[in-house]
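Please open the model in a viewer and keep the selection panel at hand.

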2 protein chains.
Amino acid sequence: MDFIRQVLDRVGDKWSLLVIAALEAGPLRYTDLQRHVPGISQRMLTLTVRQLQQDGLVTRTAYAEVPPRVEYALTSLGRSLHHIVTSLITWVADHHGQIREHRAHTATRP
Amino acid sequence: MDFIRQVLDRVGDKWSLLVIAALEAGPLRYTDLQRHVPGISQRMLTLTVRQLQQDGLVTRTAYAEVPPRVEYALTSLGRSLHHIVTSLITWVADHHGQIREHRAHTATRP
């Protein structure tokens, strides 16, 4: 159960969720990926894609070109998680207003 | 977008996910809830249910009985998230073996 909680922590992490969602449309270069995930630092994006690679959810392909080209893409394992990830992000986008109201309400309660 | 990322962080947190899943069957007392989420400390459970209450996903009902009885339950907002939460937990339970293999494989790669 401990490893399951560890994996849950990893895939439930907001940056992992947003990177997986960003890669839905297809492979992206690092700079494009960074543009698709507003607010993520270079350090956090590097860490997040490396962890997703280690977990087998994302591949990193380097093309022997000049200048060198590197692309990140979802694996089939990553794609199998994609629908759940987009549902969670969509739920948050649809309900964050209600959550903001609840937080404001509980903050003012004596 | 910043608030959405904040909410994503909160609902994507493993303890939030596991508490929401545990409350699916109906209201639970604190000690029963703790039993349903193995590995969670008392401090983390107290923090997690308080945050879920602030977000309007969980209610805390205290019954004026002797001894006093307190129960936690999903709100309709919490229940609307429930299906996504259980899909994510089920996905992790189904795929954690593959992820363990990927991690072992990447760890041994030169």
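The stops below concern a predicted model and pass from an interface to a pair of packed helices.

**The interface.** Select chain A and chain B together. Their contact draws 39 residues from chain A and 40 residues from chain B. Between them the two chains bury about 4000 Å², and carbon and sulfur atoms account for 73% of that area. Next, highlight A:L8, A:W91 and A:R103: these contribute 18% of the area that chain A buries against chain B, more than any other three residues.

**Polar features.** Display the side chains of B:R103 and A:D55, which form a salt bridge at 2.5 Å, N to O. The polar contacts between chain A and chain B number 12 residue pairs, with both residues at pLDDT 80 or more.

**The contributing helices.** Now colour helix 1 (2-12), helix 2 (14-22) and helix 5 (76-108) of chain A; each supplies at least two residues of the side that touches chain B. Helix 5 of chain A gives the most to that side, with 18 residues. By class, the side of chain A that touches chain B comprises 20 nonpolar, 12 polar and 7 charged residues.

**A helix pair.** Select A:R10, A:V11 and A:G12 in helix 1, which meet A:K14, A:S16 and A:L17 in helix 2. The residues of this contact divide into 2 nonpolar, 2 polar and 2 charged.

Key. Residues numbered from 1 in each chain as written. Chains lettered and ligands numbered in written order. Predicted model: local features only at pLDDT ≥ 70, side-chain atom pairs only at ≥ 80, totals over all residues. Heavy atoms only, no water. Contact = heavy atoms within 4.5 Å. Buried area = accessible area lost by both parts, 1.4 Å probe. Salt bridge = Lys/Arg side-chain N within 4 Å of Asp/Glu carboxyl O. Polar contact = N/O pair within 3.5 Å; in protein donor to acceptor, adjacent residues only side chain to side chain. Helix = DSSP H or I, 4+ residues; strand = E, 2+ residues; numbered from the N terminus. Nonpolar A, V, L, I, M, F, W, Y, C, P; charged D, E, K, R; others polar.
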